[in-house]
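Visitor: Hi! I'm new to this one, could you walk me through it?
Guide: Happy to, let's bring it up.

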Amino acid sequence: MKNLIVYAHPNPKSFNHAILETLQGELLERGHDVRVRDLYKIGFNPVLSSYDFEMLAQGTVPPDIHEEQEHISWADVIITIYPVWWTGLPAMLKGYFDRVLTSGFAYAYGENGPEQLLKGKRGVFFTTQGNPREAYTASHMFDAMKKTTDEGIYAFTGIETIDHIFFTSVPSVDDEKRREYLEEVKSFVHTVF
């Protein structure tokens with residue numbers, strides 16, 4: 001299976017990076033193909049510009065967008081790893097989706113409304129948060145975040161969300177709990193892949 005990991009955290013010593021390393025290692029060990037797009041490391045430009053709109057309107061895809069679309073086209077599964085900041089996606093990742101999942105590539109508008117152009121692909125989200133699970137559950141924030149990403153991004157384009165895994169209280173839990181979280185990542189790979 002071909003797995004594209006879209007990773008969005010600026011700190012290579014973060015727990016998000018530990019998730020990335022664990023996930024990549026487990027997938028490779030099981031014989032899967034893996035590509036990683038570390039958005040900060042590659043210097044991806046997240047700003048959707050008037051130039052992008054002009055080029056796309058002329059039927060030309062800017063080269064950096066085209067490169068990312070090629071990775072998405074290649075993948076069977078798109079795995080996204082990111083921290084939740086202000087109850088949403090980091091600007092880098094939001095900009096990635098804004099620029100890469102373009103009309104004509106990820107979706108189109110037909111006579112009956114939106115058409116999903118990425119059907120047949122599956123997706124997974126791994127997210128980290130600072131607040132405890134109870135706070136997100138009580139405020140229904142998990143549901144709100146899933147609505148935005150799982151439905152608003154993936155389902156809109158035809159990507160079937162396999163799961164959205166939330167790791168909470170990451171800055172305040174101890175190393176033993178973080179190891180448990182990483183075991184969850186491994187278990188997920190063994191169960192789903």
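Guide: A term to begin with: the expected span of a helix is 1.5 Å times one less than its number of residues. Helices (H or I, at least four residues) and strands (E, at least two) are DSSP runs, numbered from the N terminus. This is a predicted model, where local features need pLDDT of at least 70 and side-chain atom pairs count only at pLDDT 80 or more, while totals for chains, interfaces and linings use all residues. Residues are numbered from 1 along each chain as its sequence is written, and side-chain values use heavy atoms, with hydrogens and water left out.

Visitor: How far apart are the end C-alpha atoms of helix α3?
Guide: They are 17 Å apart, which agrees with the 16 Å that the 12 residues of α3 (residues 63-74) should span at 1.5 Å a residue.

Visitor: And which residues of α3 are buried?
Guide: Ile 65, Glu 68, Gln 69, His 71, Ile 72 and Trp 74. Buried means under 20% relative accessible area, exposed over 50%, and partly exposed in between (1.4 Å probe, protein chains only).

Visitor: What covers them?
Guide: The cover includes strands β1 (2-7), β2 (33-38) and β3 (77-83), along with helices α2 (50-57) and α4 (91-100).

Visitor: How do α3 and α4 cross?
Guide: Their axes come within 10 Å and cross at roughly 90°. Axes here are lines fitted to C-alpha atoms, for helices over the stretch in contact, and angles run from 0 to 180 degrees between N-to-C directions. The two helices are therefore roughly perpendicular to each other. For the wording, under 35 degrees counts as roughly parallel, over 145 as roughly antiparallel, 65 to 115 as roughly perpendicular and the rest as oblique.

Visitor: Which residues meet there?
Guide: From α3, Asp 64, Ile 65, Glu 68, Gln 69 and Ile 72 meet Tyr 96, Arg 99 and Val 100 of α4. Contact means heavy atoms within 4.5 Å.

Visitor: Back to Trp 74: what sits over its ring?
Guide: The charged end of Arg 35, 3.9 Å from the ring centre. The rule asks for NZ of Lys or CZ of Arg within 6 Å of the ring centre and within 35 degrees of the ring normal.

Visitor: New topic, then. How many aromatic pairs are there?
Guide: The count is 15. Rings of Phe, Tyr and Trp (its six-membered ring) pair if their centres lie within 6.5 Å; planes under 30 degrees apart count as stacked, over 60 as edge-to-face and the rest as tilted.

Visitor: Can you show me one?
Guide: Take Phe 15 and Phe 167: their ring centres are 6.3 Å apart and their planes at 90°, so the pair is edge-to-face. The pair links distant parts of the chain, with Phe 15 in helix α1 (residues 15-29) and Phe 167 in strand β7 (residues 160-167), 152 residues apart.

Visitor: Are those two buried or exposed?
Guide: Phe 15 counts as buried at 12% relative accessibility, and Phe 167 counts as buried at 0%.

Visitor: Which residues do ring pairs link into a cluster?
Guide: Phe 15, Phe 126, Phe 167, Tyr 181, Phe 188 and Phe 193.

Visitor: What about phi angles?
Guide: Most residues other than glycine have a negative phi. His 140, however, has a positive phi near 60°. Its place is the loop between α5 (133-138) and α6 (141-157), and His 140 counts as exposed at 53% relative accessibility. Ser 169 also has a positive phi, about 55°, but Ser 169 is buried, with a relative accessible area of 13%.
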